[in-house]
Amino acid sequence: LLATPASRAAIVSGKITAAVVVGLVSLIITLVAFKLSAQVSDTGIGRQLNMGLGSMLQMLLVMMPMLMIGTALLTYLSAAAKSLKEAQAHMTWLVLMPMLPSYALIAYPLKSQMWQYAVPFLSQNQMLLKVIRHEHISVTVWGIYLAANLGLAVLLWLATVHRYRQERLAISG
């Protein structure tokens, strides 16, 4: 790919777009499975979850920026790694990173505050809880959430494009 006349931004965008499409299909399948399991559940908890079409679309909107951040971050790390072993070394912290805010909230419960919606992974957790609990999400909260997380995804995309423009990537072996 790097030997073709295509721009580095086009190559990076194509790689990230392909991965986002696969991730989106996986995300939709997961949401449908979540809805079906809530409907089939014998317990009252499963039926209390807000799993209508509107809430599923909201969950999809909440998780899309995380999908884009994760894809751009993985693309950057794969371009920056010198070997497969080095790339695999990142997997431990990459898997833990989205879980840390949830664990922190279990240990130190916080009331929902506006600044939390600008913090990736913490904001996703807060937004998903609001959707599942049937809580109203204001336009301001949606704006902060989407701006902060999509902004981070764009920054990671730019960093990846910058990494792909470096000669070291083309001649590393």
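Is the crossing of H1 and H8 right-handed or left-handed? In this predicted model, the crossing of these two helices is right-handed. The close-ups below go through the details.

**View 1. Helix H1 crosses helix H8.** H1 covers residues 8-40 and H8 covers residues 139-165. Their axes come within 9 Å, with a crossing angle of roughly 125°.

**View 2. Who meets whom between H1 and H8.** On the H1 side, look for Arg8, Ala9, Ile11, Val12, Ser13, Lys15 and Ile16. Their partners in H8 are Trp157, Thr160, Val161, Tyr164 and Arg165. Sorted by class, the residues of this H1 and H8 contact are seven nonpolar, two polar and three charged.

**View 3. Helix H3 packs against helix H7.** Here H3 (residues 53-80) sits with H7 (residues 122-132). The axes of H3 and H7 are 10 Å apart, at an angle of about 175°. Anything over 145 degrees counts as roughly antiparallel, and H3 and H7 therefore get that label. From H3 come Ser55, Gln58, Met59, Val62, Met63 and Met66, while H7 brings Gln124, Met127, Leu128, Val131 and Ile132. The H3 and H7 contact has eight nonpolar residues, three polar ones and no charged ones.

**View 4. A closer look at glutamine 124.** This residue belongs to helix H7. Leaving aside residues up to four places away in sequence, glutamine 124 touches Val62, Met63, Met66 and Tyr145.

Note on methods: Residues numbered from 1 in each chain as written. Predicted model: local features only at pLDDT ≥ 70, side-chain atom pairs only at ≥ 80, totals over all residues. Heavy atoms only, no water. Axes fitted to C-alpha atoms, helices over the stretch in contact; angles between N-to-C directions. Helix = DSSP H or I, 4+ residues; strand = E, 2+ residues; numbered from the N terminus. Left-handed = near helix turned anticlockwise from the far one by under 90°. Contact = heavy atoms within 4.5 Å. Nonpolar A, V, L, I, M, F, W, Y, C, P; charged D, E, K, R; others polar. Parallel < 35°, antiparallel > 145°, perpendicular 65-115°, else oblique.
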